[in-house]
Amino acid sequence: MLASRLRHRWMALFSAATLSLALHAFDAQAQADTDTLAPEDRAMKRALDAARDHQWSRIESVAVDDHVLAGYVEYHRLKSRLPDVTAEEVQSYISRHADSPLSGWMRGQAQMAFGRDGRFADLLAISDGEPRGTIRQCYYYTALLDRAPDEAAEGGRALWRVGRSQPSACDRLFDTLRERGAIDDSDIWTRLTLAWQNGESRLVDYLDGLLGPQWQAGVEALDRLRGNYAAITDVPTRIGPSGDGAGALYAAAMHNFTRADTEAALEAWRKIGPHLTLSEARRHAIEHDLAFYSMVREIDNNAGWVDAALPRLADADLFELRVRNALASQRWGEVIEWIDAMPQDTRQEAHWQYWLGRALAQRGDRQAAEDAWRLAAQERSFFGFAAADRLGQPYALNMDMPEVSPLKSELAAMQPVVQRSEALRRIGEPGLARSEWFHALGEANDADAAALNAYALERGWYDLAVHGTIMAKQWDALAWRFPPAYRDAFTAWGQRNGVDPYLLMAISRRESAFNREAVSPVGARGLMQLMPGTADHVSRDLNIDAPTLGELFEPTTNIRLGSAYIRDMMERYRGNRIAAAAAYNAGPGRVDRWLRDSPDAFDLFVESIPFRETRAYVQAVLTYRVIFESLAKQGDTHGVALLTQSEREGAYDTTLLARNP
């Protein structure tokens with residue numbers, strides 16, 4: 001059976017010497033060393049570097065014109081000539097490179113250049129519908145002003161109705177639509193209220209000056225509300241010539257009021273809400289906000305209204321928050337009540353069936369509790385595995401590997417996208433290689449996506465295999481979603497630091513999806529997403545030189561420091577991986593504070609983590625660790641444990657702290 005063969009292949013890959021870092025953990029500098037490249041790749045590397053610098057005389061055209069990456073040099077040459085090229089030249093390039101991200105990049109570059117140059121007919125000639133990005137969209141709808149005025153008006157109004165300033169590229173579009181009456185005072189008022197809602201005071205003042213005298217009452221009402229949200233009970237219920245401008249004002253005012261003083265906002269809403277003529281969408285958004293902030297801020301005086309409103313609002317996120325609040329105070333009857341009230345799809349999730357079982361067990365209904373846990377245990381997740389533990393049964397991995405025939409594998413290796421990706425990696429362009437790969441996956445059918453993912457794993461392109469399964473929604477293809485990436489380094493440094501290698505792999509999988517060059521928005525780097533400051537601190541403790549920013553992308557360095565930091569967190573929390581994982585994500589200071597005020601049980605502690613990201617992170621890491629260990633045992637979960645006995649039965653309070661921070 002193919003799934004069985006693939007499980008055996010995963011095991012073989014996990015232990016094979018071919019996964020050594022010497023083969024798969026090369027860094028960009030070594031990868032780009034022109035002395036090690038074949039002559040044709042060396043010429044292409046030089047040509048691409050020269051093309052980026054517009055040094056055309058350095059390009060050996062004869063040497064690169066037949067190279068699989070010739071389109072990249074041509075891209076830079078054509079881009080450098082914009083906007084002084086014809087639409088036909090651009091469209092020809094786009095058509096010839098339709099199977100590469102180069103086509104989309106060139107279209108975007110040409111749209112920007114033609115738009116800035118006012119060549120709107122040419123812009124439309126190379127476009128294939130509404131482009132991405134505000135500036136290009138503004139140019140696109142400007143180009144349609146005369147050719148398709150209704151479409152231009154619809155697109156322009158959508159760009160106008162936002163509560164922030166738009167780029168200058170939109171000015172011509174907006175001015176024309178205002179002259180034509182397609183953007184009228186009502187649209188100006190709507191944008192003004194959105195700008196106030198977003199705190200864009202300068203934009204509010206600008207738009208105020210564009211309104212006619214018939215909107216003066218609305219402007220005065222908004223001025224009152226800017227100084228005192230409580231004045232919402234006294235402002236007009238009809239604003240503007242037709243009287244329907246009040247809806248936008250009340251929506252913005254309640255948005256701001258609810259965040260500033262939720263209790264007072266609800267009191268005001270109960271007075272005015274029944275008497276306002278609002279769209280269902282606006283009324284729902286106002287009441288959703290009131291319910292959400294009332295629960296988050298635990299406003300007792302609002303609790304009765306919230307419980308009455310939740311069934312009417314019927315939003316899954318509000319039900320989930322209501323259940324979490326009940327769990328925080330261990331009001332088990334309320335847990336059962338509000339899980340039962342959830343939408344069916346939400347209620348059936350392992351997360352909530354687990355808690356339904358816990359609540360039923362607390363109420364003494366063991367049979368019903370086990371029924372809920374059996375349903376939860378069918379799912380591959382933290383709470384699915386926790387439910388299985390409650391029942392004493394193996395975990396459900398639900399592994400189902402897509403079929404990839406030998407012929408399909410051979411054909412995948414021959415695809416131009418694979419050849420370009422291979423070549424880009426050879427010349428030190430892993431980012432471009434990833435772009436090529438993801439473009440191909442975005443266009444692939446299920447069978448082709450499976451072949452590409454299998455090929456990525458065979459080549460040791462672990463991050464591509466992971467992201468490929470996500471793009472293809474192959475959620476049960478576990479051998480691709482959880483590959484044996486950098487196994488040697490995780491094992492070596494895990495053993496040296498006394499940390500489970502599977503835990504290290506799970507953290508890396510969650511942090512970077514095994515993309516060794518990953519950089520977070522806040523600057524965390526590499527496989528285990530180390531912040532430079534953390535790396536420096538750990539290096540001092542290890543009495544080694546602090547790594548450079550570039551060295552943090554080197555797998556061995558990153559794993560060495562990351563495993564040492566996890567060791568420190570494990571020691572801080574007496575070997576508890578739940579607390580250590582939470583600290584890795586949110587910082588130990590926060591976890592220390594959470595332990596001072598948390599419930600004793602492991603599941604209640606996880607549910608009580610106030611940061612949604614950290615709650616999900618802890619659950620994912622512990623779940624992934626189970627999957628990695630199970631795959632190493634050919635998919636067998638017997639003997640694999642989500643938690644140790646002390647993690648499952650110990651108290652989650654300050655006694656978990658091994659030392660004072």
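1. His 288 lies in helix α18, which covers residues 280-296; helices here are DSSP runs of H or I of at least four residues, strands are E runs of at least two, and both are numbered from the N terminus. With a relative accessible area of 18%, His 288 is buried, a term that stands for under 20% relative accessible area, with exposed meaning over 50% and partly exposed in between (1.4 Å probe, protein chains only). Neighbours within four places in sequence aside, His 288 is in contact with Leu 313, Asp 315, Asp 317 and Leu 318, where contact means heavy atoms within 4.5 Å.

2. The model is predicted: local features need pLDDT of at least 70, side-chain atom pairs count only at pLDDT 80 or more, and totals for chains, interfaces and linings use all residues. Residues are numbered from 1 along each chain as its sequence is written, and side-chain values use heavy atoms, with hydrogens and water left out.

3. On the chain as a whole, the secondary structure comes to 40 helices and 0 strands. The C-alpha trace spans about 80 × 80 × 50 Å along its principal axes. Of the 661 residues in the chain, 53% are buried. Among contacts between residues at least 6 apart in sequence, 59% join residues at least 24 apart.

4. Two packed helices are described by the angle between their axes and the distance between the axes. The axes are lines fitted to C-alpha atoms, for helices over the stretch in contact, and angles run from 0 to 180 degrees between N-to-C directions.

5. In the pair formed by α6 (residues 70-81) and α7 (residues 87-96), the packing angle is about 160 degrees and the axes are 12 Å apart. Helices α6 and α7 are therefore roughly antiparallel to each other; angles under 35 degrees count as roughly parallel, over 145 as roughly antiparallel, 65 to 115 as roughly perpendicular and the rest as oblique. The crossing of α6 and α7 is left-handed, that is, the near helix is turned anticlockwise from the far one by less than a right angle, clockwise being right-handed. On the α6 side the contact is made by Gly 71, Glu 74, Tyr 75, Leu 78 and Arg 81, and on the α7 side by Glu 89, Val 90, Tyr 93 and Arg 96. These residues divide into 4 nonpolar, 1 polar and 4 charged; Ala, Val, Leu, Ile, Met, Phe, Trp, Tyr, Cys and Pro count as nonpolar, Asp, Glu, Lys and Arg as charged, and the others, Gly among them, as polar.

6. The loop between α6 and α7 holds Pro 83. A cis peptide bond joins Leu 82 and Pro 83, with omega at about 5 degrees.

7. For α36 (residues 577-586) and α37 (residues 588-596), the axes come within 7 Å and cross at roughly 130 degrees. The two helices are therefore oblique to each other. Helix α36 contributes Ala 579, Ala 582, Ala 583 and Ala 586 to the contact, and α37 contributes Pro 588, Arg 590, Val 591 and Trp 594. By class, this contact has 7 nonpolar, no polar and 1 charged residues.

8. Ser 563 is found in helix α35 (residues 555-572) and is buried, with a relative accessible area of 0%. A polar atom of the Ser 563 side chain lies 3.0 Å from the backbone oxygen of Arg 560. Apart from neighbours within four places in sequence, Ser 563 is in contact with Trp 493, Asn 497, Val 499, Leu 504 and Met 528.

9. Two glutamines have a positive phi. For Gln 529, in the loop between α33 (501-512) and α34 (532-542), phi is near 50 degrees, a positive value in a residue other than glycine. Gln 529 counts as buried, at 11% relative accessibility. For Gln 634, in the loop between α39 (612-632) and α40 (645-649), phi is near 60 degrees. Gln 634 counts as partly exposed, at 38% relative accessibility.

10. Ala 231 is found in the loop between α15 (216-227) and α16 (246-260), where, at 5% relative accessibility, Ala 231 counts as buried. Residues up to four places away not counted, Ala 231 touches Arg 224 and Leu 225. Ala 231 and Ala 221, 10 residues apart in sequence, are 8.6 Å apart in space, C-alpha to C-alpha.

Conventions
Polar contact = N/O pair within 3.5 Å; in protein donor to acceptor, adjacent residues only side chain to side chain.
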